Amino acid sequence: MITLYGTGPMFGLPHASPFAIKTEVLLKLSGLPYTVVRADIRKAPRGKMPWIDDGGEIIPDSRLIKRHLEVRHGIDFSGDYSPRALGYGLAIERMLEDHLYFFNIENRWLDSDNFAAGPAQFFERMPALLRPLIIGMVLRKVRRQVELQGTGRLKPDEKLALVRRAIDALEAVVSGQHYMLGGRVCGVDATAYAFLASIAAPQFRSDYADYLRQKPELVSYIARMQAEFFPDLPAP
Ligand SMILES: N[C@@H](CCC(=O)N[C@@H](CS)C(=O)NCC(=O)O)C(=O)O
């Protein structure tokens with residue numbers, strides 16, 4: 001039995017973290033038995049969520065978890081697509097994880113309304129006196145993260161232009177197809193669904209989400225994936 005350390009359902013999503021959503025979809029695709037446990041981020045092996053415990057072996061990072069499932073358990077996430085298609089797929093995954101993700105965390109954590117509607121829940125059980133200090137520390141860390149990554153230095157209209165471009169690219173890729181790469185599901189869908197659903201999450205307001213919600217092909221892709229992999233969640 002594999003244990004996935006994530007958050008479990010939050011914000012109308014399977015997990016607060018898109019990387020944990022991605023990992024849970026990969027586990028579902030693998031067919032291996034697994035259970036989800038609420039992670040204590042202070043115990044994260046690399047300071048980040050998600051991680052898994054596979055029979056005592058601790059594996060951090062969704063990318064390494066995917067590799068572990070392939071190597072240790074012989075799982076094939078390729079969906080039988082060609083190396084060329086899988087090359088596009090990997091580029092899509094990294095665009096979502098290493099580019100779009102940073103716009104989304106900035107919007108979710110550093111916009112005060114969105115923070116109140118979502119991440120504030122992580123701090124609810126803390127002693128009231130300590131809470132503002134810890135929240136301040138975490139928000140400084142997020143600000144520094146997006147500054148260092150570079151997205152945090154852009155002006156709002158520049159950010160929106162870049163996000164729109166990525167969303168347009170994803171729309172062009174999935175249009176007329178059931179899954180990201182065609183008629184068969186593959187590992188790329190775990191990432192694509194996780195990050196698109198996270199941007200579109202109804203709790204959060206943003207120009208990015210508004211733009212995404214105007215894209216029927218992407219909206220129906222998110223809904224299809226959610227109905228297939230997380231039928232117990234309310235439809236997005
Ligand atoms: N490359 C990692 C990224 C994981 C990640 O950034 N997780 C975020 C949550 S969405 C996290 O744990 N952040 C806490 C921190 O950076 O302190 C993966 O693929 O799992």
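In which loop does Asp61 lie? Asp61 is found in the loop between β4 and α2, where helices (H or I, at least four residues) and strands (E, at least two) are DSSP runs, numbered from the N terminus. The model described here is a predicted one, in which local features need pLDDT of at least 70 and side-chain atom pairs count only at pLDDT 80 or more, whereas totals for chains, interfaces and linings use all residues. Residues are numbered from 1 along each chain as its sequence is written.

The description begins with the sheet. Four strands form an open sheet in the order β2-β1-β3-β4, with mixed pairing, two strands being taken to pair if DSSP finds at least two bridges between them. From one strand to the next the twist averages 25°, with axes taken as lines fitted to C-alpha atoms, for helices over the stretch in contact, and angles running from 0 to 180 degrees between N-to-C directions.

Strand β1 (residues 2-6) pairs with β2 in the parallel sense over five bridges, and within this pairing Thr35 in β2 is the bridge partner of Thr3. The pairing of β1 with β3 is antiparallel and has four bridges; here Thr3 stands opposite Asp53 in β3. Antiparallel pairing over four bridges also links β3 and β4, with Ile52 opposite Ile59 in β4. These two strands, β3 and β4, form a hairpin with two residues between them, and Gly55 in the turn has a positive phi of about 60°.

Two helices lie across the sheet strands. Helix α1 (residues 18-30) lies across β1 and β2 and runs at about 160° to β1, while helix α2 (residues 62-73) lies across β3 (51-54) and β4 and runs at about 130° to β4.

Helix-to-helix packing was examined next. Helix α3 (residues 83-110) packs with helix α7 (residues 187-200) at an angle of about 20°, their axes being 9 Å apart. That angle makes α3 roughly parallel to α7, since angles under 35 degrees count as roughly parallel, over 145 as roughly antiparallel, 65 to 115 as roughly perpendicular and the rest as oblique. The crossing of α3 and α7 is left-handed, a term used if the near helix is turned anticlockwise from the far one by less than a right angle, with right-handed used if clockwise. Residues that make the contact include Ile92, Leu96 and Leu100 of α3 and Val188, Ala192 and Phe195 of α7, two residues being in contact if their C-beta atoms, placed from the backbone, lie within 7 Å. By class, the contact of α3 with α7 has eight nonpolar, four polar and two charged residues, where Ala, Val, Leu, Ile, Met, Phe, Trp, Tyr, Cys and Pro count as nonpolar, Asp, Glu, Lys and Arg as charged, and the others, Gly among them, as polar.

The axes of α3 and helix α6 (residues 156-174) come within 11 Å and cross at roughly 150°, and the two helices are therefore roughly antiparallel to each other. This crossing of α3 and α6 is left-handed. In the contact, Ile92, Met95, His99, Leu100 and Phe103 in α3 meet Lys159, Val163, Ala166 and Val173 in α6, a set that divides into seven nonpolar, one polar and one charged.

Helix α7 also packs with α1, at an angle of about 145° and with the axes 8 Å apart, and the crossing of α1 and α7 is right-handed. Among the residues that meet are Ile21, Val25 and Leu29 in α1 and Ala190, Ala194 and Ala197 in α7. The contact of α1 with α7 has ten nonpolar, three polar and one charged residues.

The ligand is surrounded by Ser17, Phe19, Gly47, Lys48, Met49, Pro50, Asp61, Ser62 and Arg63, a residue being near a molecule or strand if its C-beta atom, placed from the backbone, lies within 6 Å of it. This shell divides into three nonpolar, three polar and three charged residues. Two of its members, Met49 and Pro50, are joined by a cis peptide bond with omega of about 5°, and Pro50 is placed in the loop between β2 and β3. Asp61 has a positive phi of about 75° although it is not a glycine. Most residues other than glycine have a negative phi, and most peptide bonds are trans.
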